[in-house]
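Please read the following report alongside the sequence and the model. It takes up helix packing, the nonpolar core and a few points of backbone geometry in turn.

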Amino acid sequence: MNTRARLPLSAAVSFALFTATLPPAAAQGNEKALIEDLVAANHILVDQAVLDAYGHVSVRNPANPQHFFMGRNLAPALVTAADVVAYDMDGNAINAKPGFTHFLERFIHTEIYKARADVNAVVHSHSMVVIPFANTPIQLRPMFHVSSFLSPNVPVFDIRKAVGGPTNMLVGNAAIGKALAETIGQNSVALMRGHGEVVVAPTIALVVFRALYTDANARMQAQAIASGGPIVFLDAEEAAAATKGRGPGARPRLGTVEAQGFGAMTARTRSVTAIRFSIETLVDG
Ligand SMILES: [Zn+2]
């Protein structure tokens, strides 16, 4: 039985900083390395409880910007390189293996990539610590320098308003995906009322970083609200200064050591997988 303890967030980030010295996979056009990073991203975000049985991570193919890579319809803890599928900007799978099924919500990814040429990686999660900020008027704002990318704004996508009536809450077609992309605008994160969040970045490593620290910020902000005092957030100038230096090229890729270290499934992720198997015929988020 694997009893490995959950690695602290600081360990994940320390390695991300270390890998900043590695050459960027995108610049090399190294598809194999990019897919290794995508697999590692899935496992890191499961390990850090940003993803559970659901959610997905994608990365644009630098060799063909009209395609992106994402795991097939599978719990992110289980994704291996063999499960990664290329999709076009209509959400069609390219040369997928027989029997593979695909996430209904791949339109989140297609429409953001179409709208944002600067975005090369997308995370969609149902993170439970951010949903309170999606379902209330309380805005998620940067609590500390590391989450400065939450400035100037974390918009909230309300699918009811986008569609004009009740839905099953899922981004199940391109029109809803387009409305979500419009809501994100030029921001790094959008919350989705009653559903979760979308995080975008110019690299796979940076999108993992942002997804981790969006969660961390939500936990800290909730704690500060519970303490009852007025909260002093980073102001726009502080956030802009803190974000400087974490743009494209910073932390360019994840590493194979991370893939091995985080790839070993913990007892927790195995139990999540079991839940997935029991309800996957009911929900495809
Ligand atoms: Zn979803």
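## Helix α7 and its surroundings

The buried residues of α7 pack against α4, β6, α6 (159–163), β7 (189–192) and β8 (196–201). The model described here is a predicted one. Within α7, which spans residues 174–184, the buried positions are Ile176, Gly177, Leu180, Ala181 and Ile184. These residues lie on the same side of α7, because the arc they cover around the axis is only 140°. After α7 comes Gly185, with a positive phi near 60°.

## The largest nonpolar core

The largest nonpolar core contains 64 residues, and those with the most contacts inside it are Leu38, Leu45, Val207 and Val208. Helix α8, residues 204–227, gives the most to this core, contributing 10 residues.

For Leu38, once its neighbours within four places in sequence are left aside, the contacts are with Val57, Val59, Phe69, Val84 and Ile204.

## The packing of α3 with α8

Two packed helices are described by the angle between their axes and the distance between the axes. For α3 and α8, the axes come within 10 Å and cross at roughly 10°. Angles under 35 degrees count as roughly parallel, and α3 and α8 are therefore roughly parallel to each other.

On the α3 side, the contact is made by Asp37, Leu38, Ala41, Ile44 and Leu45, while α8 supplies Ile204, Val208 and Ala211. By residue class, the contact of α3 with α8 comprises seven nonpolar residues, one charged residue and no polar ones. Two of the residues named in this contact, Leu38 and Ile204, are also in contact with each other.

## Backbone geometry in the loops

Which residues are joined by a cis peptide bond? The bond in question joins Ser151 and Pro152, with omega at about 10°. Pro152 is placed in the loop that runs between α5 (131–134) and β6 (156–157).

Ala49, a residue other than glycine, has a positive phi near 65°, and its place is in the loop between α3 (31–47) and β1 (56–60). Ala49 is partly exposed, with 18 other C-beta atoms within 10 Å. Asn95, which is likewise not a glycine, has a positive phi of about 55° and lies in the loop between β4 (93–94) and α4 (107–115). With 6 other C-beta atoms within 10 Å, Asn95 is exposed, since a residue counts as exposed if 12 or fewer such atoms lie within that distance.

Conventions:
Residues numbered from 1 in each chain as written. Predicted model: local features only at pLDDT ≥ 70, side-chain atom pairs only at ≥ 80, totals over all residues. Core = buried A, V, L, I, M, F, W, Y, C linked by C-beta atoms within 7 Å. Buried ≥ 20, exposed ≤ 12 C-beta atoms within 10 Å, placed from the backbone. Helix = DSSP H or I, 4+ residues; strand = E, 2+ residues; numbered from the N terminus. Contact = placed C-beta atoms within 7 Å. Axes fitted to C-alpha atoms, helices over the stretch in contact; angles between N-to-C directions. Parallel < 35°, antiparallel > 145°, perpendicular 65-115°, else oblique. Nonpolar A, V, L, I, M, F, W, Y, C, P; charged D, E, K, R; others polar. Arc of directions from axis to C-beta.
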